[in-house]
Amino acid sequence: MSMGERFILGINTTIIGMLVVFIVLVFLSYIIGFQSKILQKLVKTQDKKETNDIDLKVDFNEEYETIEKTGFTSGEATVVDADDETVAAILASVSFDADIPLNELKIKSIKPIIDKN
């Protein structure tokens, strides 16, 4: 076998090897994609089952305590760069989210957070 024939045989072997590797990688990507879709469907069905299992019945015999979320608050707070409407919105949001009546809420200061980035 001459040197030129060996060179051509080497190139053929290289090309065939690269094609085999490429085909295997494409095949693996399809397997991973198919597996991902199956797992997503399984997770979605489990989430639907969990949401359907939530007990939404209301016990009318149980006494519920109502929380007064309206009212007035007074006091002194340090407010930096905020108008009255912004302060009122912040107080109402904190009161609603924390389930603390507005007249029991005590805020010492409100100031903007300066992003240093």
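These legends describe close-up views of a predicted model.

Residues are numbered from 1 along each chain as its sequence is written. In this predicted model, local features need pLDDT of at least 70, side-chain atom pairs count only at pLDDT 80 or more, totals for chains, interfaces and linings use all residues, and side-chain values use heavy atoms, without hydrogens and water.

**View 1. Confidence along the chain.** The mean pLDDT (the predictor's confidence in each residue, from 0 to 100) is 83 for the chain. Of its residues, 86% reach 70 or more. Confidence is highest in α1, at a mean of 92, and lowest in β1, at 77. Helices (H or I, at least four residues) and strands (E, at least two) are DSSP runs, numbered from the N terminus.

**View 2. Lysines form a positive patch on the surface.** The patch gathers Lys37, Lys41, Lys44 and Lys48. Lys37 sits in helix α1, residues 3-52. Its relative accessible area is 57%, so Lys37 is exposed. Exposed means over 50%, buried under 20%, partly exposed in between (1.4 Å probe, protein chains only).

View 3. The patch covers about 950 Å². Its members include Phe7, Ile11, Phe22 and Tyr30. Tyr30 belongs to helix α1. Tyr30 is exposed because its relative accessibility is 61%.

**View 4. Ala82 lies in a loop.** The loop runs between β1 (78-79) and α2 (84-98). Ala82 has 29% relative accessibility, so Ala82 counts as partly exposed. Ile110 is 28 residues from Ala82 along the chain, and their C-alpha atoms are 8.0 Å apart.

Definitions and conventions: Patches are made of residues with over 30% relative accessible area and no salt bridge: like charges are joined within 9 Å, nonpolar side chains (Val, Leu, Ile, Met, Phe, Trp, Tyr) within 5 Å. Accessible areas come from the Shrake-Rupley method with a 1.4 Å probe; for residues, only the protein chains shown count as cover. A salt bridge is a side-chain nitrogen of Lys or Arg within 4 Å of a carboxyl oxygen of Asp or Glu. Lys and Arg count as positive and Asp and Glu as negative; His and the chain ends are not counted. The place of a charge is taken as NZ of Lys, CZ of Arg, CG of Asp or CD of Glu.
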